[in-house]
Amino acid sequence: MNITILDDYHDTVRTLASFSKLAGHPVTIWNDHTKDVDTLAARLNDTEALVLIRERTPIRAPLLERLNRLKLISQRSVYPHIDVDACTKCGVIVSSSMHPGKPSYATAELTWGLVIAALRQIPQQMAALKAGKWQTAVGVGLRGKKLGIYGYGRIGGVVAGYGKAFGMKVLVWGRDAALARARADGYSVARSRQEFFEQCDVISLHMRLVDATRGIVTAADLARMKPTALIVNTSRAPLIEPGALVNALRAGRPGMAAVDVYEEEPVTDTRHPLLTMSNVVCTPHIGYVERDGYESQFDDIFDQILAYLAGKPTNVVNPEVLESART
């Protein structure tokens, strides 16, 4: 089976132990990134199984209709970047393990790396030191400060636990079910959305991006934050109203941001507003980019390919295609 892997930016997949599962199959790996349909159609012309790394490349009808040999798309996690209906129409099976019950500890850990980096101004202090300057500012500590968790799911719960270990006071906001889980775990729940944004010294967003959560953090919410507060987003950029974060930072409320996600990725323009701000720490969507996590992710992805080859596709998100799938 001809297998293609897209967007392996740092050529890591072939170094994973799980890669041996594809032994005996021709595998093409692309290390660059493109969204150009003509380029992708040429690259994927002979592809029968397409491996996607999270949401890096959109797979829509104009591309699918040109991939006459494609039979399977195998990936892990959510799939807003895939036109599932078009896949069904074209007879392409989409297999995507949702890894239930497993929080992304890697993302939770990066969240805390960003919190500490931003509050203690680690990138700025490093840059100053390399420029021959010694101690350019006074940072902010964590103990006794109020940590706001917006969205108390698997990752939010882990981040809350880390905050508690740092001696922070944890305050949670979100849907009723999330608030009930937070109370059951012993955390305080904000009395109102307004109180949540006004009182927290650090707010970290931990929600899936769906229609109900798109733009859920508004300009008005950000304007309520303290001028000394930090907002952290390692989830999805569109959780925040378009343009609101940049405008809020320019207005001084909140005073800082730390982000790992962007409205359009990858970000290669050094003039991106967030990259030009001294009160923002930015990383290139590396929350899940960690070796143990990669091993787990590609174990699932390659197992889905092997299951398909055995005639028993797993984690199929468009089961109606099974009666008309390409052979």
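# Close-up views of a predicted model

View 1. The model is predicted: local features need pLDDT of at least 70 and side-chain atom pairs count only at pLDDT 80 or more, while totals for chains, interfaces and linings use all residues. Residues are numbered from 1 along each chain as its sequence is written, and side-chain values use heavy atoms, with hydrogens and water left out. A disulfide is a covalent bond between the sulfur atoms of two cysteines. Buried means under 20% relative accessible area, exposed over 50%, and partly exposed in between, with a 1.4 Å probe and protein chains only.

View 2. An open sheet is formed by 5 strands in the order 2-1-3-4-5, with parallel pairing. Strand 2 (27–29) and strand 5 (93–97) are its edge strands, each pairing on one side only. Neighbouring strands of this sheet are turned against each other by 20° on average, direction ignored. Helices (H or I, at least four residues) and strands (E, at least two) are DSSP runs numbered from the N terminus; two strands pair if DSSP finds at least two bridges between them. Strand 3 (residues 49–51) is joined to strand 4 (residues 72–76) by 3 bridges in the parallel sense, and alanine 49 has leucine 72 as its bridge partner in strand 4. Helix 11 (residues 291–309) lies across strand 1 (3–5), strand 3, strand 4 and strand 5, at about 155° to strand 4. Contact means heavy atoms within 4.5 Å. Axes are lines fitted to C-alpha atoms, for helices over the stretch in contact, and angles run from 0 to 180 degrees between N-to-C directions.

View 3. Strand 4 and strand 5 run parallel and are joined by 5 bridges; glutamine 75 has serine 96 as its bridge partner in strand 5. Of the 5 residues of strand 5, 5 are buried, so the strand is largely enclosed by the rest of the structure. On one side these are Ile93, Ser95 and Ser97, and on the other Val94 and Ser96. Asparagine 318, in the segment after helix 11, is buried with a relative accessible area of 0%. Leaving aside neighbours within four places in sequence, asparagine 318 is in contact with Val84, Cys87, Thr88, Val92, Ile93 and Val94.

View 4. Strand 7 (residues 169–173) pairs with strand 8 over 2 bridges in the parallel sense, and leucine 171 stands opposite serine 188 in strand 8.

**View 5. The largest pocket.** The largest pocket holds about 1,200 Å³ of space. Its lining has 47 residues, and the closest to the pocket centre are Arg154, Ile155, His206, Met207 and Arg208. Helix 4 (105–119), helix 6 (154–165), helix 7 (176–184) and helix 11 each supply at least two lining residues. On a 1 Å grid over the protein atoms alone, a pocket is an open set of points where a 1.4 Å probe fits, with protein on both sides within 12 Å along at least five of seven lines; lining residues have an atom within 4 Å of a point. Grid points are joined across faces, edges and corners, and a volume is the space filled by probe spheres set on the points.

**View 6. Backbone details in loops.** Most residues other than glycine have a negative phi, and most peptide bonds are trans. A cis peptide bond, with omega about 0°, joins arginine 253 and proline 254; proline 254 is in the loop between helix 10 (244–251) and strand 11. Histidine 285 has a positive phi of about 50° and lies in the loop between strand 12 and helix 11. Histidine 285 counts as buried at 15% relative accessibility.
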